[in-house]
Amino acid sequence: MTSQDSAVHLKMMPEFQKSSVRMKDSKRVEEILCGLIKGGAVKLQIITDFDMTLSRFSYQGRRCPTCHNVIDNCRLVSDECRKKLLQLKEKYYAIEVDPALTLEEKYPFMVEWYTKSHGLLVEQALQKAKLKEIVAESDVMLKEGFEYFFDKLQQHSIPVFIFSAGIGDILEEVIRQAGVYYPNVKVVSNFMEFDDKGVLKGFKGDLIHVFNKHDGALKNTDYFKQLKDNSNIILLGDSQGDLKMADGVANVEHILKIGYLNDRVDELLEKYMDSYDIVLVKEESLDVANAILQKIL
């Protein structure tokens with residue numbers, strides 16, 4: 001693609017000039033963007049993580065909660081349970097982000113972490129009716145620019161696949177309360193199972209954790225089959241495991257991978273630069289994604 005009208009010059013896009021935006025190969029990013037623009041709305045789909053990708057990692061110097069943390073921190077969970085959940089987090093989060101371990105080595109520890117923490121939540125007999133209130137009272141926040149992001153995608157009927165290792169019921173409530181849970185959005189996550197009295201008794205289906213998104217992606221091939229003409233993908237994530245989220249898509253023409261690097265930047269930057277096309281370092285907005293959507297749609 002050499003024609004002037006379809007050429008993309010990142011230098012002309014102010015959102016790409018921020019110090020938080022890093023690219024190993026900006027020429028390649030420009031080429032992928034050209035392909036996405038040429039394909040337009042009819043060929044586009046979004047595949048995105050949720051926690052710390054669409055939601056904020058921090059705000060005004062304070063850490064923001066993940067979907068799991070929203071429940072961990074809520075007043076309906078006992079202090080004893082909260083303490084245990086925190087101990088699990090301290091132990092296993094260090095393993096999750098340890099650059100010395102491979103994904104395969106981390107895998108069993110993630111299963112252990114999720115299984116134990118979900119077991120603790122079941123013991124708390126949480127009520128489905130309280131989830132709305134739990135989310136409303138929490139400090140969870142979507143990234144700056146989320147309204148434009150979701151509104152623009154809805155206006156053009158672009159399929160949005162939110163693939164989260166968090167808790168689906170909380171995730172859905174967050175985007176519902178933010179007014180952006182549109183019909184073009186599909187959520188795949190760990191959903192709670194309630195008994196006939198509306199009390200938490202377990203979790204549905206197979207566990208989704210940070211490092212088994214490849215398997216989850218393959219389980220959703222039916223969804224992706226319906227979108228066989230949507231061969232252009234913008235993928236957003238914040239971990240190495242998120243790079244696997246598009247593995248269920250059979251027909252990929254162009255894929256642009258945008259990675260948020262929120263933590264342990266010095267240790268992880270090189271790894272992220274090698275695997276994501278665009279790395280956003282400690283960036284709490286969707287400005288880059290929105291600037292790209294503006295070009296395509």
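**Exercise 1. Is threonine 53 buried or exposed, and what does threonine 53 touch?**

*Solution.* Start with the accessible area: threonine 53 has a relative accessible area of 0% and is therefore buried. The cut-offs are under 20% relative accessible area for buried, over 50% for exposed and partly exposed in between, with a 1.4 Å probe and protein chains only.

Next, find the place in the chain. Threonine 53 sits in the loop between β2 (44-48) and β3 (58-59). Helices (H or I, at least four residues) and strands (E, at least two) are DSSP runs, numbered from the N terminus.

A word on the model before going on: it is predicted, so local features need pLDDT of at least 70 and side-chain atom pairs count only at pLDDT 80 or more, while totals for chains, interfaces and linings use all residues. Residues are numbered from 1 along each chain as its sequence is written, and side-chain values use heavy atoms, with hydrogens and water left out.

Now list the neighbours. Not counting residues up to four places away in sequence, threonine 53 touches Thr48, Lys143, Leu236, Gly237, Asp238, Asp242, Tyr260 and Leu286; contact means heavy atoms within 4.5 Å. Finally, the side chain of threonine 53 reaches the backbone nitrogen of aspartate 238 at 3.4 Å. A polar contact is a pair of N or O atoms within 3.5 Å; within protein, one must be able to donate a hydrogen and the other to accept it, and residues adjacent in sequence count only if both atoms are side-chain atoms.

**Exercise 2. Which backbone nitrogen lies 2.7 Å from a polar atom of the side chain of aspartate 277?**

*Solution.* First, locate the residue: aspartate 277 is in the loop between α10 (265-275) and β11 (278-281). Its relative accessibility is 12%, so aspartate 277 counts as buried.

Then look around it. Beyond four places in sequence, aspartate 277 is in contact with Arg22, Met23, Lys24, Arg28, Val29, Ile32, Ile255, Leu256 and Lys257. The backbone nitrogen in question belongs to lysine 257.

**Exercise 3. Which side chain does a polar contact of 2.8 Å join to that of glutamate 253?**

*Solution.* Glutamate 253 is in the loop between β9 (232-237) and β10 (254-261). With 43% relative accessibility, glutamate 253 counts as partly exposed.

Leaving aside neighbours within four places in sequence, the contacts of glutamate 253 are Lys43, Ser231 and Asn232. The polar contact of 2.8 Å is with the side chain of lysine 43.

**Exercise 4. How do α3 and α4 pack, and which residues meet?**

*Solution.* Two packed helices are described by the angle between their axes and the distance between the axes. Axes are lines fitted to C-alpha atoms, for helices over the stretch in contact, and angles run from 0 to 180 degrees between N-to-C directions.

Helix α3 (residues 79-96) packs on helix α4 (residues 103-123) at about 170°, with the axes 10 Å apart. The two are therefore roughly antiparallel. Angles under 35 degrees count as roughly parallel, over 145 as roughly antiparallel, 65 to 115 as roughly perpendicular and the rest as oblique.

In α3, the residues that take part include Leu85, Leu88 and Tyr92, and in α4 they include Phe109, Trp113 and Leu120. By class, this contact has 11 nonpolar, 1 polar and 7 charged residues. Ala, Val, Leu, Ile, Met, Phe, Trp, Tyr, Cys and Pro count as nonpolar, Asp, Glu, Lys and Arg as charged, and the others, Gly among them, as polar.

**Exercise 5. At what angle do α1 and α11 pack?**

*Solution.* The angle between helix α1 (residues 26-43) and helix α11 (residues 287-296) is about 55°, and their axes are 8 Å apart. This pair is therefore oblique.

Leu33, Leu36, Ile37, Gly40 and Ala41 in α1 meet Ile292, Lys295 and Ile296 in α11. These residues divide into 6 nonpolar, 1 polar and 1 charged.

**Exercise 6. Where is alanine 125, and where is arginine 264?**

*Solution.* Alanine 125 is in the loop between α4 and α5 (131-136), and its phi is near 50°, a positive value in a residue other than glycine. Arginine 264 is in the loop between β10 and α10, with a positive phi of about 50°. For comparison, most residues other than glycine have a negative phi.
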